[in-house]
Amino acid sequence: MKEADIRLECLRPAQDGWQRPTCDEVQEALRFGGLTKERAANLLGLGEGGGRTIRRWTSGESEIAYANWALLCYFAGLGVIWESVERQGKI
């Protein structure tokens, strides 16, 4: 099973101590999911120029919002981070 090099604090629900991912962690999520910047922008509904927004997140020029990060994690196969572990049935 492949693993992603992303801190666990970045994979939590917003209200449970979530920490914003670094630009490297955004890049890692894309890599883990096999997503190009353009494909991720399309999946996130970023519209025309969305690839540019992804580039800003991966370069550290701007920070990714929780909602976009949570959906990116979902599309990359990292799980449904907006639900607590208890709700996911893992405990």
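Me: Let's start with L72. Leaving aside neighbours within four places in sequence, which residues is L72 in contact with?
Reply: With that exclusion, L72 is in contact with V26, A29, L30, L35, A40, L44 and I64. Do keep in mind that this is a predicted model.

Me: Okay, and the largest nonpolar core: which residues touch the most other members?
Reply: L72 turns up again there, along with I54, W69 and L78. The core has 22 residues.

Me: Which elements give two or more residues to this core?
Reply: Those are α1, α2 (37–43), α3 (50–59) and α4.

Me: And where does the largest share come from?
Reply: From α4, which gives five residues.

Me: Switching to the surface. Which residues make the nonpolar patch?
Reply: L71, Y74, F75 and W82 make a nonpolar surface patch of about 360 Å². L71 is found in helix α4, residues 66–75.

Me: Why does L71 count as partly exposed?
Reply: Its relative accessibility is 34%, and partly exposed covers the range between under 20% for buried and over 50% for exposed.

Me: New topic: E28. Is E28 buried or exposed?
Reply: E28 counts as buried because its relative accessibility is 13%. It lies in helix α1, residues 23–33.

Me: What lies 3.0 Å from a polar atom of its side chain?
Reply: The backbone nitrogen of D5. Setting aside neighbours within four places in sequence, E28 is in contact with D5 as well as E3, A4 and I6.

Methods:
Residues numbered from 1 in each chain as written. Predicted model: local features only at pLDDT ≥ 70, side-chain atom pairs only at ≥ 80, totals over all residues. Heavy atoms only, no water. Patch = residues over 30% accessible without salt bridge, like charges linked within 9 Å, V, L, I, M, F, W, Y side chains within 5 Å. Areas by Shrake-Rupley, 256 points an atom, 1.4 Å probe, with all protein chains shown as cover. Salt bridge = Lys/Arg side-chain N within 4 Å of Asp/Glu carboxyl O. Helix = DSSP H or I, 4+ residues; strand = E, 2+ residues; numbered from the N terminus. Buried < 20%, exposed > 50% of the residue type's maximum accessible area, 1.4 Å probe, protein only. Polar contact = N/O pair within 3.5 Å; in protein donor to acceptor, adjacent residues only side chain to side chain. Contact = heavy atoms within 4.5 Å. Core = buried A, V, L, I, M, F, W, Y, C linked by side-chain atoms within 4.5 Å.
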